[in-house]
Number of protein chains: 2
Amino acid sequence: MDERVREHARVLVDWSARVEAGDNVVVSVGPDAHELAVAVAERLGERGANLVATYAAGEVTRAYLRASTGEFDEDPAHELALAENADVYLSLGGGRNASATADVPGEIRQAHRKARTGVREARYDSRWVSTAHPTRSLAQRANMAYEEYREFAYDAILRDWETLAEEMAKMKTVLDDGEEVRLVGAGTDLTMRIDGRTAVNSAASVAYDSHNLPSGEVFTAPYATEGEVTFDVPMTIEGEAVRDVRLEFADGEVVAHDAAQGADVIGEILDTDEGARRLGELGIGMNRGIDRYTDNILFDEKMGDTVHLAVGRAYDACLPEGETGNESAVHTDLITDVSEDSRLEVDGEVVQRNGRFRWEDGFEG
Amino acid sequence: MDERVREHARVLVDWSARVEAGDNVVVSVGPDAHELAVAVAERLGERGANLVATYAAGEVTRAYLRASTGEFDEDPAHELALAENADVYLSLGGGRNASATADVPGEIRQAHRKARTGVREARYDSRWVSTAHPTRSLAQRANMAYEEYREFAYDAILRDWETLAEEMAKMKTVLDDGEEVRLVGAGTDLTMRIDGRTAVNSAASVAYDSHNLPSGEVFTAPYATEGEVTFDVPMTIEGEAVRDVRLEFADGEVVAHDAAQGADVIGEILDTDEGARRLGELGIGMNRGIDRYTDNILFDEKMGDTVHLAVGRAYDACLPEGETGNESAVHTDLITDVSEDSRLEVDGEVVQRNGRFRWEDGFEG
């Protein structure tokens, strides 16, 4: 086995999920994530944790959903009981085809998702972490050779997380102390309130309220958004290519939108519910191990020199105790490149210009 | 998808497990059983059942067990809760290497098995069915080409189970009414009491107390065994080749054993506990879709023209209500070919001679 696979498993189990002896762990395995599952099982065995492996295959889900009537029992007892009794939930993404469920009607997908709200909540109550095994399917989506993609993925995953967490803590402090954020760039001049909100130092560990590996972003929950923003990082959203989305905000709400490609899918998302027209997240990518777009949100939104905004649901960790932020059934991230001709200001002071942070060499205030 | 895979799924879900709308189903998927899992998911979707897929990979188990200290928590809550809340448990065997766990020390394997007794019992309380997807690994073990093996496997699995159940009912009646069985052949002259025991018409359906697909055997729980028996069907037991095992019984207990190959592993099994020296099962193979040995007990023990005996644990279904039969941690089947120079008698009357049953053409009483 490639030593990087073992190292990935160690980071996931030890750093990300903080697994201890006696923990009840569910490991969800994609069909092509077998090798990582073997490495994770080895680490869980060393840790003295208890392992249940589930099988997360898009083709299995597709066959089940397409054959169904579209009506589903709510939170099936066996699935719910597994989630409720798990201390840790590790999702090892790695399918054979990222579009495996592309021909499942949206309403069936949504009905199934809705019927499993309790299962999902139980999972979110555990120490859950999502990661991805670098597969040929992901390499293809990134337009990369397999070996090239593996190097890319492990550069992103096998960081010195402790050091990155220290650097990200600086950005967290700026946002926690700040009241208003302004983002300026080509086709972008946007202001948001962040007063009273708490930023998450997303250092790829549940100890940091961070549930992705790789991670490497600092995010908060903005409100009262005004102005316009252009997202120039290309993405696939709900199976459709989306390019150069432009959103215009007034009174915290999207009042106009267009896109060079995929305007329809953006329109559908914005029409989902009331919260879908408001921002749920402002995230600042700080993982410099990620140096290119690979059409995979797990990686893209953490990329150094990018900022992302999500319409829809806000994360509880950013909100004052007991307060609910923006609520919505959706949470859709959109990304803008800030490496050139752009700046991020907090309360009128520039924190990042052309990708450089205030505390970095080469920063020009 | 090969239509036989879909047909396999239909037999499994409809005939074997009798799945109904609202059933909570666990489907355990071997790494190379993906295609069957897709077909089963489709059928479960049509039925309106609820699906949780688990991943049963020998290499994952091996990594976990070898890394562990050999001490395990008893019945982990998440694993137990999943089993206890499942109405149906379908095991889709299909690994990439039948010997994937060959180098896990026996004591670790046993400790892990023992720590999960409650999980296993909960599973046995559900409508459980074990089947196997015909894989290249199984073809190799059978010394057969892949396509040839697939034809063999589907011949065994896609039977007219209703008709076979009717034929097997005749054998069940003979055994239920009988008091003593005598098996005579080359190197074999064995008598067993079956008085008071109930035979199972194992027609590959939970409706018949039958939990294997393929099945096609009638079995009961004998006792008071006397005489000797030779098992001439070659097998692999606990990773070791076993040939021509000979057991000698007195007072219901094995008093001597030898084998042309693998005598050691047989000796170890017999020494496991007190019950391991007594018979737990007498089974009569009646699936004529299985016409050759493939070194896979799921198929071999159901083969027409064979009789098998198991040392160790007896099945509850064969015993009077509330009575416990032979108890043991083991249940090891051994098979003898009865196609030539052999006869099976019940209370002195010949029921099967040279493979032909009393009710078949060509039977020579």
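The structure is a predicted model: local features require pLDDT of at least 70 and side-chain atom pairs count only at pLDDT 80 or more, whereas totals for chains, interfaces and linings use all residues. Residues are numbered from 1 along each chain as its sequence is written, while chains are lettered from A and ligands numbered from 1 in the order in which they are written.

**Stop 1: the two domains of chain A**

Select residues 3-157 of chain A for domain 1, then 161-357 for domain 2; these bounds come from an automatic or database domain assignment. The centres of the two domains, taken over C-alpha atoms, are separated by 24 Å. Domain 1 of chain A contributes 21 residues to the contact and domain 2 of chain A contributes 18 residues, two residues being in contact if their C-beta atoms, placed from the backbone, lie within 7 Å.

Next, colour the elements that give two or more residues to the domain 1 side: α1 (3-16), β4 (127-132), α7 (136-141) and α8 (146-157) of chain A. Helices (H or I, at least four residues) and strands (E, at least two) are DSSP runs, numbered from the N terminus. The largest share of this side, 6 residues, comes from β4(A). By class, the domain 1 side has 13 nonpolar, 4 polar and 4 charged residues; here Ala, Val, Leu, Ile, Met, Phe, Trp, Tyr, Cys and Pro count as nonpolar, Asp, Glu, Lys and Arg as charged, and the others, Gly among them, as polar.

**Stop 2: helix α1 of chain A**

Select α1(A). Its 14 residues should span 20 Å at 1.5 Å a residue, and the end C-alpha atoms are 18 Å apart, which agrees; the expected span is 1.5 Å times one less than the number of residues. Show the side chains of A:His8, A:Ala9, A:Val11, A:Leu12, A:Val13 and A:Ser16, which are buried. A residue is buried if 20 or more other C-beta atoms lie within 10 Å of its own, exposed if 12 or fewer, and partly exposed in between, with C-beta atoms placed from the backbone. The buried residues of α1(A) pack against α2 (34-47), β3 (88-93), β4, α8 and β8 of chain A. After the helix comes A:Arg18, whose phi is positive, near 50°.

**Stop 3: the open sheet of chain A**

Follow the 8 strands of an open sheet in the order β14-β13-β10-β6-β5-β18-β19-β20, with antiparallel pairing; two strands pair if DSSP finds at least two bridges between them. At the edges stand β14 (253-258) and β20 (356-357) of chain A, each with a single partner strand, so one side of each has no neighbour in the sheet.

Within the sheet, select β18 (residues 343-346) and β19 (residues 349-353) of chain A, which pair in the antiparallel sense over 4 bridges. A:Glu349 in β19(A) is the bridge partner of A:Val346.

**Stop 4**

Select A:Val218 in strand β9 of chain A. This residue counts as buried because 26 C-beta neighbours lie inside 10 Å. A:Ala169 is 49 residues away from A:Val218 in sequence and 8.3 Å away in space, C-alpha to C-alpha.

Move to the loop between β8 (212-213) and β9 (217-220) of chain A, which holds A:Pro214. The peptide bond from A:Leu213 to A:Pro214 is cis, with omega near 5°.

**Stop 5: chain B and its contact with chain A**

Display both chains. The contact takes 38 residues from chain B and 38 residues from chain A. On the chain B side, the elements giving two or more residues are β1 (24-29), α2 (34-47), β2 (50-55), α3 (58-67) and α4 (77-84). The largest share, 8 residues, comes from α2(B). The chain B side divides into 22 nonpolar, 11 polar and 5 charged residues.

Finish with B:Asp341, in the loop between β17 (331-337) and β18 (343-346) of chain B. Its phi is near 50°, a positive value in a residue other than glycine. B:Asp341 is exposed, with 12 other C-beta atoms within 10 Å.
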